[in-house]
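I opened this notebook to keep track of what I looked up, beginning with the surface and going on to the charged pairs.

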Amino acid sequence: MDRKPTFSYYGPQANRTGASDDDFGPNNTTYSRGTNYGNPFEDQAASAAAIAGSMYSRNPNYMSSPRQGASEIHNEKAGNIDMFAKRASDPGPAGGSGGEGNVYKGTHEHVEDLEITTSRRLWVIFTWMVTWWIPSPLLRFCGRMGRPDVRMAWREKVAICVIIGFMWIFLLFIIIGLGLIVCPRQYVWTLDDVAGKNTAKSSFVAMRGSVYDITNFMKQKHGDSAYTSTPELMLETYSGQDVNASFPIPVRVACPQFVSAQTDPNYQLFYPVPGASEVDPNQANMFQHTMNRSPLSKELQDPNFYSNYALPTLKKFKKGGVVWKFDWVNDMYIEKSMFWRVINKEVFNMQPYFDAAKSGLNVNKKYNLLDSRLEKIMDQGGYGTADITKDWDALNWNSTAKLNNYNCMKNMFYVGTVDDRQSVRCLFTNYMLLAFACVLMLVVLVKFLAAMQFGNKKRPVSPIKFVVCQVPCYTEDDESLLKTITSLAALDYQDKHKLIFVICDGNIVGSGNEKSTPRIVLDILGVDP
């Protein structure tokens, strides 16, 4: 047969001789009192209370104030009846050890000697490593922490806060910093992006793999009396366009190792070769900055006009580089049989070169400037992919010849780099955060499904375990206290295995209450002091 739970009340109360609630003297043997409803352990609880009362009467120093006494009882291990027996047999300050491994200090300070584990030693070392800069005297005088154990506890809390701070820093690094390290910020543009910048307020152009903002450049004076240029004309002709055709580079300047002065004395050899390649109608309307195009311009008398004048002028307007999606480049090579090639993520439009090399204008192979081995891996008829990096690295030739061919291609046919902003490397952190979010959602879903009950289930058998419930109360009203005690009494434990401690921390009358908190608890428990 189940029995009702045991309620033990600890707190100030009046004794039967008419003492008031504030009487906490050493002769008050009713300070700790057990109230029981049909519990077989009633005699043991009453005996323990009597022992505790005699202990108070024999040791006036056991508690110096009502709050100290209540606090000391509050800190003892609930349910341990031997606790009172040890105190009763302890001779107190006059002698004795207070139990094996314990030292009686004479002021009710209970110190237990425990073996220090390795993990504890490591934790203490770490605590001092992160709090060494806080001197103990500062904690002693400014923080009012006179006891060493209190200072150590404070240092341990600081160490925990440091750990939490580093965890937050690490998390922010994963979310923000790791992505910038794995995939640094790139200032790049596609030709579609450039095409969208074609207004007077924002005007961009692309030229030989670079993007320039010519919004303010258009407002400056350009040209001469023979060829005048206005902002409106530049906006209509150049804004949002690839302007390579407007700044052609003589082959003799771009590839000096392959074209001599005898072959092209007047710097008239260019790619694309007129008549061999199709000309973009938009680019056909652009002014070509070629040598001797304007006799009144001394800058255009220089065959190195592009490198000596155009690039230095536009350098301060540069916004970034041009990028191309590899799938688009690969489609141009495979599906449309065009000579777009990639070497080490650099994109080269070799179409003008092979148009001239395969045309009837290529007399004596004057347009075959590059090494025949390089032309062979460039012209594979759509075989493989547009990326020929491996074939380029496998070419067996001396470094000088390789460098000359590379410089010629870079000066003449370079159009940008491969766009890897959507690669796995750059999207790694996004995938990782998405994975974390999926794991969290999965955990929530599993818990939700686990909490659902499909069909009728048998009520589980009450656990055959002992439970001790501690209810500290200070200024609560009778309704909240009654709900708390009732809910604890209704726990699915056998009543004979349940022990409920109700601890009143002081003789306090809460706001809105007519009686003190200890009196409310005694009334709830049905005790008449």
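Predicted model: local features only at pLDDT ≥ 70, side-chain atom pairs only at ≥ 80, totals over all residues.

Residues are numbered from 1 along each chain as its sequence is written, and side-chain values use heavy atoms, with hydrogens and water left out.

**Nonpolar patch.** I looked up a surface patch whose members include W168, L171 and F436, with about 950 Å² of accessible area together (Shrake-Rupley method, 1.4 Å probe, only the protein chains shown counting as cover for residues). Such a patch takes residues with over 30% relative accessible area and no salt bridge, joining like charges within 9 Å and nonpolar side chains (Val, Leu, Ile, Met, Phe, Trp, Tyr) within 5 Å. Helix 6 (148-182) gives the largest share, eight residues; helices are DSSP runs of H or I, at least four residues, numbered from the N terminus.

**Salt bridges.** I found eleven in the whole structure, each being a side-chain nitrogen of Lys or Arg within 4 Å of a carboxyl oxygen of Asp or Glu. In one of them, E156 meets R120 at 2.8 Å, N to O; E156 lies in helix 6 and R120 in helix 4 (residues 118-131), so the pair ties together parts 36 residues apart in sequence. E156 counts as buried at 17% relative accessibility, whereas R120, at 33%, counts as partly exposed (buried is under 20%, exposed over 50%, partly exposed in between; 1.4 Å probe, protein chains only). I also noted that K345, D420 and R425 are linked in a network of salt bridges.

Terms used: Helix = DSSP H or I, 4+ residues; strand = E, 2+ residues; numbered from the N terminus.
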